[in-house]
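Hello,

Here is the structure I promised to pass on to you. Have a look at it first, and then read my notes below.

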Amino acid sequence: MVQGFSKEPGTHGPLTEIPPEGQRKITRWAAAIALGGFLFGFDTGVVSGALLYIKQDFGLNSFEQGSVVSVLLIGAVIGATSAGRLSDGLGRRKTLGLIGVVFIIGTAIASTANGYPVLMVGRIVLGLAVGAASATVPVYLSEISPTKIRGRLLTMNQLMITLGILIAYLVNLAFSSSEMWRAMFAVGAVPAALMVVATLWFLPESPQWLIAHGQAERARKGIASVADEATADALVARAQHRIAEDRERQKRNAESSGRTAKRLLTPDLRPALVVGLTLAAVQQFGGINTIIYYAPTIIQQTGLNASNSIFYSVFIGLINLVMTLVAIRLVDRAGRRVMVLVSLALMAVSIFMLGLAFVVGMNSVLTLLFMVIYIAAYAGGLGPVFWTLLGEIFPPSVRAEGSSMATAVNWISNFVVSLAFLPVASALGQGETFWIFAAICVAAFFFVGRYLPETKGRDPEQIEAALNARFGRDQGTPDNPSNAATPRKGRS
C-alpha cells in the first residue's frame, strides 16, 4: 500500500509479494476511490446531450451554450488547485468524502435550475468537485498501490472516467425522447452518494499520509490487512526513512523555496514539473474534449437530427471505454512511454483525416469513423496513461501539490479549448480547426520522445533520476528500469 514495492528484499524494498486476496482487496478499494473519476466523466459528458434541450428551454445563444459547457471547467481549476493542500491537511479519505458531498450539492442545483444563471451556478459547483476529484483520485490510488499493479490501478481512474462518459451518453439517450435534461443531470447524485458512503464505512486512509502525520501504527495495521506483518513493518520503515529524507531536503531548501509550489521549481524537481504540466496541456490541446463535449453537436452538423446524434455519440463513448480496458491490460506490460507515443501518432493522423472529412464534405459515416479512430487512439494511450504518470512522476513529498498543479493546467487547457472551439470553428472552419489539433499532437510526439522516460516498475527515486537524465542533468543514469535497480542516496 505504500508505493514502492520492488522485487528484491532489502532496504529498497519489497519484501514480499502481495497475496492474491490482498490484491483483490486493494482493487476493491481502488474501484471505490475511482468513483471520483466516474463522476468526473459523467458530469463532463452528460452536458453534451442535455445541451441540445437546454438551449431550447432557456433560449441560449451560441456563447451561452459554450459557457454552460465551459463554466464547469472554471470550477474545476479552483477545485484542482485547492485539492492538494486540502488532502494533505484532512487526509485523502476525508477529502474524497467531502468531494462527494459537493457533487451532490452541484447536481441538486443544476437539475432544479429555473434559468441560465442558476444552471451556471450548479455547473460551477460541479466543477469544484470534478477538479478536486481529478487531483485527489490519482494521488490516493498511487498511495495504496503496490508497484506490480500500480499502473493497472492508476489507469482505473481513466477507466471510470470513460465509463462515466458512456453512462452519461446512455442516460442522455434514455431521456432524449422525453427531452428531460433535468433527469439527465439528476442521475449523477447516485454515484456521488455511493462515494460518500464508501469514505465513511469502507475505504482506509492512505498509509503514506498516515506515516507522514505520525500515525505509523495505523498505517502498519492497514498494510498488514493485505500483506504479512514483516512486509508491513519493512514498508513502514522504508516510508519513514523516505519521509525523513524529504523533510531534510525541505529544510535545506527552506530559505529559497519555503512553499511546496516553490520546491517544485528546484533543479531536482523541475523536470517532473515540466513533463507533468506539458502532458496536462497536451491532453486537452490535442482536441479530445471537443469530441467528448460536442459529439452530438458535431454529428448533428453532418445532417442527422438531435436524437440520432445522441444515439451515434454512444458509439464514441463505447469505444472510449473498450480502448481504456485495453490500455489497462497493456500499461504494466508495454510501458507508459511507448503507449503515449503510439497514441499521439494515431491521434494526429485520425484528427487530420477528421478535419479533411469536413473540408471536402465526406459523408456522416466517414466522419463518425474518423472520430471513433481518434477516440480509440486517445483512450488506448494518452488518456489513461497521463493519469498513471501523474501519480508516478512526482516524488512523495510533493506528489499531492504536483498532481494538483498539473491537474489545474489540465482544466485550464480544457476550459480554453472547449470555450474557443465553436467560435474558432466558425471563423476558420471546423476542418481547419481539427488540423490545428493534429499539429499539436505532432509537436507533443516529439516532446514525449525527448523528455519522458519509462516509469513502469520504477520507484520514485529511479523515476526522478531518469527524468533528470532526460533533461541532461544526470547523463549517467540509465533509462532502462532493469538497469536502475538501486536508487541514488538522497533522492526521493
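Phe40 has 8% relative accessibility, so Phe40 counts as buried (under 20% relative accessible area, with a 1.4 Å probe and protein chains only; over 50% is exposed, and in between is partly exposed). Trp387, at 2%, counts as buried too. Phe386 and Trp387 form an edge-to-face aromatic pair, 4.8 Å centre to centre with 70 degrees between the planes. For such pairs, ring centres of Phe, Tyr or Trp (its six-membered ring) lie within 6.5 Å; planes under 30 degrees apart are stacked, over 60 edge-to-face, and the rest tilted. Phe386 is buried as well. Phe40, Phe386, Trp387 and Trp411 make up one aromatic cluster.

Please keep in mind that this is a predicted model: local features need pLDDT of at least 70, side-chain atom pairs count only at pLDDT 80 or more, and totals for chains, interfaces and linings use all residues. Residues are numbered from 1 along each chain as its sequence is written, and side-chain values use heavy atoms, leaving out hydrogens and water.

Trp411 also turns up in a helix contact: among the H19 residues that meet H5 are Ser403, Thr407 and Trp411, and the H5 side includes Val130, Ser134 and Val139. Contact here means heavy atoms within 4.5 Å, and helices are DSSP runs (H or I, at least four residues) numbered from the N terminus. H5 passes H19 in a right-handed crossing (the near helix is turned clockwise from the far one by less than a right angle).

Enjoy exploring!

Definitions and conventions. Helices (H or I, at least four residues) and strands (E, at least two) are DSSP runs, numbered from the N terminus.
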